[in-house]
Amino acid sequence: MHNPQLNNNGELQHLLTIEGLPRDVVTHILDTASSFVSIGDREVKKVPLMRGKSVFNLFFENSTRTRTTFEIASKRLSADVINLNISASSTSKGESLLDTIDNLAAMHADMFVVRHAQSGAPYLIAKHLNDIGQPHVHVVNAGDGRHAHPTQGLLDMYTIRHYKKDFSNLTVAIVGDILHSRVARSDIHALTTLGVPEIRAIGPRTLLPSGLEQMGVRVFTDINEGLKGVDVIIMLRLQNERMSGALLPSAQEFFKSYGLTTERLALARPDAIVMHPGPMNRGVEIESAVADGSQAVILPQVTFGIAVRMAVMSILAGN
Amino acid sequence: MHNPQLNNNGELQHLLTIEGLPRDVVTHILDTASSFVSIGDREVKKVPLMRGKSVFNLFFENSTRTRTTFEIASKRLSADVINLNISASSTSKGESLLDTIDNLAAMHADMFVVRHAQSGAPYLIAKHLNDIGQPHVHVVNAGDGRHAHPTQGLLDMYTIRHYKKDFSNLTVAIVGDILHSRVARSDIHALTTLGVPEIRAIGPRTLLPSGLEQMGVRVFTDINEGLKGVDVIIMLRLQNERMSGALLPSAQEFFKSYGLTTERLALARPDAIVMHPGPMNRGVEIESAVADGSQAVILPQVTFGIAVRMAVMSILAGN
Amino acid sequence: MHNPQLNNNGELQHLLTIEGLPRDVVTHILDTASSFVSIGDREVKKVPLMRGKSVFNLFFENSTRTRTTFEIASKRLSADVINLNISASSTSKGESLLDTIDNLAAMHADMFVVRHAQSGAPYLIAKHLNDIGQPHVHVVNAGDGRHAHPTQGLLDMYTIRHYKKDFSNLTVAIVGDILHSRVARSDIHALTTLGVPEIRAIGPRTLLPSGLEQMGVRVFTDINEGLKGVDVIIMLRLQNERMSGALLPSAQEFFKSYGLTTERLALARPDAIVMHPGPMNRGVEIESAVADGSQAVILPQVTFGIAVRMAVMSILAGN
């Protein structure tokens, strides 16, 4: 089947998910990002690659943090950014999602950055743009439901490559609420694509989705077992709203069983790195001593995240 | 009486309403807009006409869609835009409208784009700016109460001219809730100014204001009669909030009596165009097959709307 | 003790409070501001001093007016501005203030403009940036609790210097709710630093903090006594929320006892100027005839405020 993310030349047209993305496309994004990392340190942190382009941040689900990273990335590429908090907007006037897209496309939008609570919404938008003869408008998925968060996956890969150089001999553990995590899903696809030989998923049975083994992931419910000898630990955020349900006893219980402590970290390789997509719940999924410790690369992830988003946006705008 | 929208040289100083605007001023805006239509297709969609100018979007009534069009227009003219959602702001601290204007003018504002639930608010602001010796600060009415929505009226005229070339032999029908519609009012004034020989208003008696005949408008309560032989159909949005009142039975009833269906559209001239200011209530005032059909020019209206707003703003800034 | 606002060369590193700021630093800011005053009148109101710099407006407490002044100042310095309304953001996801700062610093922020309901929050942020090895990121206090509002204090000094030329022979009265006012506190420190020989505080006993005399301030509970012969009157905003408490009888009572009327103004020197930080409660702390009268310099304060903020930001960015 045709990959809806690629154009007829096999170039990136939209970024919807890492699943099915060719390895050379992923690598090209990471290589491009590395040229943007240094821009953040410059006196003038701007390049004119997207001057005069109109980027719309369509956040149907509120996320100041992610919106901010895309807003900064756009501005450093010299694009014009328009933030639309859609929940508070015309959908409340009964307009459909696709009518909204039609309208913004008619305003000569160049790119939509889409965050949506519904899995598949960015794909639906990309398909619709193609149907209405606007295939040159690009879509970037900034997180859709439980489905995918591809720029987070890519910045995680950038971070791993930065510290570990080579993917081909790594063991990577993903720890926590994997069931509800679009970050976990995107990371697993990216790690697989880049040839990581061992991917582990660690969490309570109630927060592990079925089908992980078929994706080539080794499943652990005992964190002490799962962390043994790993090179990379990706902690996931525990959403407080899950806490009240039947899936979890309490934040304290979760920390006792799955929180990343200094003791548990010692089970990993001595040069293991600790990652987290943020925002962190200190004392729930991660101990403060670990979060602020020498093995944590959580803030470099944020820095690389800007560069990766600049890379994705400039590659799309150039295709 | 002196026209408060024009300066002593008869040039546009503010855009408050289309009523009373000389035909050559309207035509000059449309001509200027046509030079901006092509900018949307360019690689770099910016011109430096308003570089360093400060445009304040003062939205006392929330409207993401209209604010977005002005924000894009401002950015494509290279202006600095500041969005102020005033309902949530200092008026809640008890500051008066005119104190707010005094303050923003003291910050060297160049232009206010004003949306307000109160008819006449933009006029009040323009008058006040003159009174305090700041007549060089321009006001654009982005919709005030039931009174006027002049940029919508102008973009509607641009759209009609684009498809019909000449206004002097047209029959134009405006359909729906004319009573509450500032769009209808602005369209009627613009069509009259541009010499359209036959303007029709179609709607239920409860949604037709008195005085239409005195404005030279032919009134129809039977849509099938009213659409016969027209060149242009302007559908109006039915505000859902009217539905609960005594003015209307129900959305379904309205669609049955006044919804634009394929069958009804066939009563108009075969080359008739269908317009709508958006956002559309599909299945209420317009059938989806018509909204998406070949005679609909609803999305070109949006595209032309950006160009018309760029034209208005750049003309004001130049005067 | 080391002044946390100055770097090792004695240059301004952060602007947290006027207290303890050397007089030459204050004077340098005012001198720099005067070069920016004229920019507001230019055709192109922009200078490239902060091109490519990322300024974050961190408003933990809502204030459209103050945020707008910093947003305009940033844009006229050609910086990229990102507005973060933090109350509605990740703190609601349970992220700590310092984690938020870590994250934004990792995005290569150059400057934080901070408004916070908690006294000391901007100082805490500045200290933290130093602790995490990001001392080159600057903090501007845009108002913290009852503590300080240094840019307001500086713009008040600019205004006084503009109209009175010399501080060394002035009598300045501050009138109203001094207890809750960060503006009053910043003004008293600034006036003292600049050598004003007589500072008066006028208000009801319940709204006068203890310790004013130790700061060299003469206290008056009778406004008619306090205004006699003063050169400058700084009126404070009465916060409506105080009105319901035990501190004040009613707005009408307050106006009767402490409102600045034409009659009372006549007690001051004939060339006395009247200032107010805005937004004004007309008829509560100030009579409309005075607010709009020839001695009021309330709108020039706003104009100078933009220039002073541009001065502070550009000086920080240059150090």
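1. In this predicted model, the C-alpha centres of domain 1 of chain A and domain 2 of chain A lie 26 Å apart. The domain assignment places residues 14–149 together with 303–318 in domain 1, and residues 150–297 in domain 2. Domain 1 is therefore given as two segments of chain A, with bounds that come from an automatic or database domain assignment.

2. The contact between the two domains of chain A involves 35 residues of domain 1 and 27 residues of domain 2. Together the domains bury about 2500 Å², and carbon and sulfur atoms account for 66% of that area. Ile18(A), Arg146(A) and His149(A) supply 30% of the area that domain 1 of chain A buries against domain 2 of chain A, more than any other three residues.

3. Polar interactions also link the two domains of chain A. The count is 2 salt bridges and 10 residue pairs in polar contact, both residues of each pair being at pLDDT 80 or more. In chain A, Arg182(A) forms a salt bridge with Glu61(A), and their closest N and O atoms are 3.2 Å apart. This pair meets the salt-bridge criterion because the separation of 3.2 Å falls within 4 Å.

4. Which elements give two or more residues to the side of domain 1 of chain A that touches domain 2 of chain A? They are helices H1 (23–37), H2 (64–76) and H11 (298–318), along with strands E3 (111–116) and E4 (138–144), of chain A. H1(A) gives the most to this side, with 9 residues. By class, the side of domain 1 of chain A that touches domain 2 of chain A has 16 nonpolar, 10 polar and 9 charged residues.

5. A further interface joins chain C and chain A. Here 22 residues of chain C are in contact with 26 residues of chain A. The area buried between the two chains is about 2200 Å², with 49% of it from carbon and sulfur atoms.

6. Across the interface of chain C and chain A there are 4 salt bridges. Arg282(A) forms a salt bridge with Asp99(C), with the closest N and O atoms 2.8 Å apart. The interface of chain C and chain A also has 11 residue pairs in polar contact, both residues at pLDDT 80 or more.

7. On the side of chain C that touches chain A, the elements giving two or more residues are strand E1 (54–59), strand E2 (80–85) and helix H3 (97–106) of chain C. The residues of this side divide into 8 nonpolar, 6 polar and 8 charged.

Technical notes. Residues numbered from 1 in each chain as written. Chains lettered and ligands numbered in written order. Predicted model: local features only at pLDDT ≥ 70, side-chain atom pairs only at ≥ 80, totals over all residues. Heavy atoms only, no water. Contact = heavy atoms within 4.5 Å. Buried area = accessible area lost by both parts, 1.4 Å probe. Salt bridge = Lys/Arg side-chain N within 4 Å of Asp/Glu carboxyl O. Polar contact = N/O pair within 3.5 Å; in protein donor to acceptor, adjacent residues only side chain to side chain. Helix = DSSP H or I, 4+ residues; strand = E, 2+ residues; numbered from the N terminus. Nonpolar A, V, L, I, M, F, W, Y, C, P; charged D, E, K, R; others polar.
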